[in-house]
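Please look over the structure below before reading on. The report then describes its fold, its nonpolar packing and its aromatic rings.

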Amino acid sequence: MRKSITLYGLTFSVPLLVWQLTFFLAPLIFLMALSFWTVRNFRMEPAFVFTNWTYVLSRGVFWEAYLRTLGLAVTSAAITSAIAFPCAYAVAFKLSEQARRCVVFLMVLPFFTSYLVRIYSWQIFLSDNGIFNALFAKAGIGPFGMLNSVFGQLVGYLTLSLPLVILLQLFSLVFVDRTLIEAAHNLRCGRLRTVVEVVIPAAKVGLVIAALFCFILTFGDFVSPLYLGGGDPPTLSILITDTTKSGQQWPRAAVIALVMIATLLAVAFAAVRFAYRERGQ
């Protein structure tokens with residue numbers, strides 16, 4: 001059957017379409033066009049050459065940064081999801097409705113503060129003479145090099161994404177059918193088996209989307225790799241800034257950005273497909 005276009009439908013669909021065209025599709029098209037331009041005497045000139053693509057994709061430093069960024073984002077998504085799930089599970093199934101609202105407010109509260117300010121605060125805790133190493137010194141251990149390391153970078157990623165992942169998991173777990181859990185207990189399933197075989201499959205969509213959001217946020221993050229990870233070796237976000245500073249090579253930076261966008265889209269489509277796939281298919 002042919003679907004008719006109504007004024008009511010256009011009223012709600014046109015603003016979303018205009019938003020996507022203005023803030024996503026148009027910049028993406030410009031970025032693609034920019035990747036084919038050339039730089040002469042530190043000035044960009046419109047052209048249609050594949051020099052930037054061949055240069056970037058043939059560089060070992062690019063692929064090292066790409067694999068490093070991808071690995072850190074996947075690791076961050078896995079660690080964050082593993083830490084967030086017990087918290088979200090306890091809030092969803094163990095707390096009352098009023099206590100749950102308080103926890104949700106506390107999870108939203110970190111977003112009232114600038115992410116950059118929170119990262120600067122972590123430098124005080126993780127530095128060689130920081131708070132953590134001072135406590136370790138009193139215990140007779142350390143000091144440990146936590147700042148300008150992969151550990152510090154992962155701490156920054158957790159600061160960025162953990163509250164959001166807990167919230168997304170919580171909203172998914174809250175709507176799990178409680179009768180399924182009661183049926184599992186009536187069939188003498190233990191607590192752990194019930195969680196693995198009933199709760200997690202029932203909340204799979206929310207859990208996967210939460211991990212996806214964590215991956216997206218950390219894959220393109222610039223602040224944590226620079227201020228907590230030291231910026232060396234670089235991630236893709238740092239590589240973009242280094243490329244633009246090297247002779248105003250904005251077209252090469254556009255190539256790196258497009259590869260990042262393509263990776264995020266591929267991972268997003270794969271994650272959504274996995275989330276909505278039925279068991280056994």
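The text goes from the whole chain to one helix and then to the rings.

This is a predicted model, in which local features need pLDDT of at least 70 and side-chain atom pairs count only at pLDDT 80 or more, while totals for chains, interfaces and linings use all residues. Residues are numbered from 1 along each chain as its sequence is written, and side-chain values use heavy atoms, with hydrogens and water left out.

The protein chain has 13 helices and two strands; these are DSSP runs, with helices (H or I) of at least four residues and strands (E) of at least two, numbered from the N terminus. Of its 281 residues, 35% count as buried. Buried means under 20% relative accessible area, exposed means over 50%, and partly exposed lies in between (1.4 Å probe, protein chains only).

The largest nonpolar core has 20 residues, and F62, F215, F219, L236, L239 and I256 touch the most other members. At least two residues of this core come from each of α3 (60-94), α7 (150-174), α10 (204-219), α12 (236-245) and α13 (250-275). The largest share, six residues, is supplied by α3. Such a core is a set of buried Ala, Val, Leu, Ile, Met, Phe, Trp, Tyr and Cys residues joined through side-chain atoms within 4.5 Å. Another core, of 15 residues, lies apart from it and includes A88, V91, V198 and L207.

The helix α10 has 16 residues, which should span 22 Å at 1.5 Å a residue; its end C-alpha atoms are 22 Å apart, so the two values agree. The expected span is 1.5 Å times one less than the number of residues. Among the buried residues of α10 are G206, L207, F215 and F219. Their cover includes α3, α7, α9 (191-202), α12 and α13. Leaving aside neighbours within four places in sequence, F215 is in contact (heavy atoms within 4.5 Å) with L70, A73, V74, A77, L264 and V267.

F62 is buried because its relative accessibility is 2%, whereas W63 is partly exposed at 38%. Their ring centres are 4.9 Å apart and their planes at 70 degrees, so the pair is edge-to-face. Rings of Phe, Tyr and Trp (its six-membered ring) pair if their centres lie within 6.5 Å; planes under 30 degrees apart count as stacked, over 60 as edge-to-face and the rest as tilted.

Two charges sit over rings, with NZ of Lys or CZ of Arg within 6 Å of the ring centre and within 35 degrees of the ring normal.

| Charged residue | Ring | Distance to ring centre |
|---|---|---|
| K204 | F274 | 5.2 Å |
| R252 | Y55 | 3.8 Å |
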